[in-house]
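User: Could you please walk me through this model? I would like to start with packing and then move on to the ligands.

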Amino acid sequence: MTYTAKFKVWRGDDEGGALQDFAVEVNEGEVVLDIVHRLQATEAPDLAVRWNCKAGKCGSCSAEINGKPRLMCMTRMNTFTEDETIAITPLRTFPVIRDLVTDVSYNYEKARMVPSFAPPADLEPGDYRMQQVDVERSQEFRKCIECFLCNNVCHAVRDHEENKTTFSGPRFLMRIAELDMHPLDTADRREVAVEDHGLGYCNITKCCTEVCPEHIHITDNALIPLKERVADRKYDPIFSVASLFRKNEKREKPGATPGGSTPR
Ligand code: SF4
Ligand code: SF4
Ligand code: FES
């Protein structure tokens, strides 16, 4: 079954652009990325698009389809009616480089800020055998393909460019939660989550969870438990007293790193 569908594709660069109309052939079983490839092969050979696997696993082909953040390679054409006009636009939260390609450096900068896994210093290789029970909670987060659709949809940065300096988005708060749930990790990541990655900006709207192509329960299984851990610490009387001492200590030592991780 073949038909012709109407598309509006955003064309432009960092200085501006507009939606351009196309009428493109659609065949049975095709996805939106097939249409973009057909456009490149016919009417728009210079149309810029990023993709790699065409199998929903590399996370490269993220875009907004009729305003919804989606993977182009996993969006089937039969989810639209034949007379529907389909708009394909670049991710809105990140700066456009050209056409459907955005600059997602923000995400890599935030990734580098997450303190790495910190096993006990005296642990020798083979000393500890991981069991399924150890990874039961965090295993889900390892499915992340870094498509950044969750960071793109989160209103805390989507509507507030100024928050990008202080908020890392759901993808990296989830990474902190994942490390926090690791039985061998010795770092206390709660202060880092709040001070360096802006956990407080998240008001658990679950928009990130709704767009995740890996169906990871980002809000329920990562962000809310992390918030609960932070709240436990904040209202722990022993921690409150220790925290006062630490603040005084930092004042006396101007070289100390604010928000640095502390031993459990
Ligand atoms: S749940 Fe939190 S991180 Fe996810 S989209 Fe909503 S505010 Fe952003
Ligand atoms: S958590 Fe889901 S939406 Fe976010 S980057 Fe990973 S795969 Fe993409
Ligand atoms: S091309 Fe790899 S996820 Fe779409």
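Analyst: Helices (H or I, at least four residues) and strands (E, at least two) are DSSP runs numbered from the N terminus. This is a predicted model, in which local features need pLDDT of at least 70 and side-chain atom pairs count only at pLDDT 80 or more, while totals for chains, interfaces and linings use all residues. Residues are numbered from 1 along each chain as its sequence is written, and chains are lettered from A and ligands numbered from 1 in the order in which they are written.

User: Which residues of helix 1 are buried?

Analyst: Val32, Ile35 and Val36 are the buried residues of helix 1, which spans residues 32-41. They line one face of the helix, because they fall within an arc of 100° when seen down its axis; the arc is that of the directions from the helix axis to the C-beta atoms. A residue is buried if 20 or more other C-beta atoms, placed from the backbone, lie within 10 Å of its own, exposed if 12 or fewer do, and partly exposed in between.

User: How much of the chain is buried?

Analyst: Buried residues are 31% of the 264 residues in the chain. Its secondary structure consists of 10 helices and nine strands.

User: What does strand 3 pair with?

Analyst: Strand 3 runs antiparallel to strand 4 (residues 68-71), joined to it by four bridges, and pairs with strand 5 in the antiparallel sense over two bridges. Two strands pair if DSSP finds at least two bridges between them. Isoleucine 65 has lysine 68 as its bridge partner in strand 4 and isoleucine 88 in strand 5.

User: And how many residues lie between strand 3 and strand 4 in the hairpin?

Analyst: Two residues lie between them, and asparagine 66 in the turn has a positive phi of about 50°.

User: Changing topic: which residues are around ligand 1?

Analyst: Among them are Cys154, Cys202, Lys206, Cys207 and Cys208. A residue is near a molecule if its C-beta atom, placed from the backbone, lies within 6 Å of it. Helix 8 (207-211) and helix 9 (218-234) each give two or more residues to this shell.

User: Which residues come nearest to ligand 2?

Analyst: Of the 15 residues around ligand 2, the nearest are Cys144, Cys147, Leu149, Cys150 and Cys212. Helix 4 (149-153) and helix 6 (169-180) each give two or more residues to that shell.

User: Finally, what pLDDT does the chain average?

Analyst: The chain averages a pLDDT of 91, and 88% of the residues score at least 70; pLDDT is the predictor's confidence in each residue, from 0 to 100. Over residues 253-264 the pLDDT is below 50. Where pLDDT is low, the predicted coordinates should not be read in detail.

Methods
Two residues are in contact if their C-beta atoms, placed from the backbone, lie within 7 Å.
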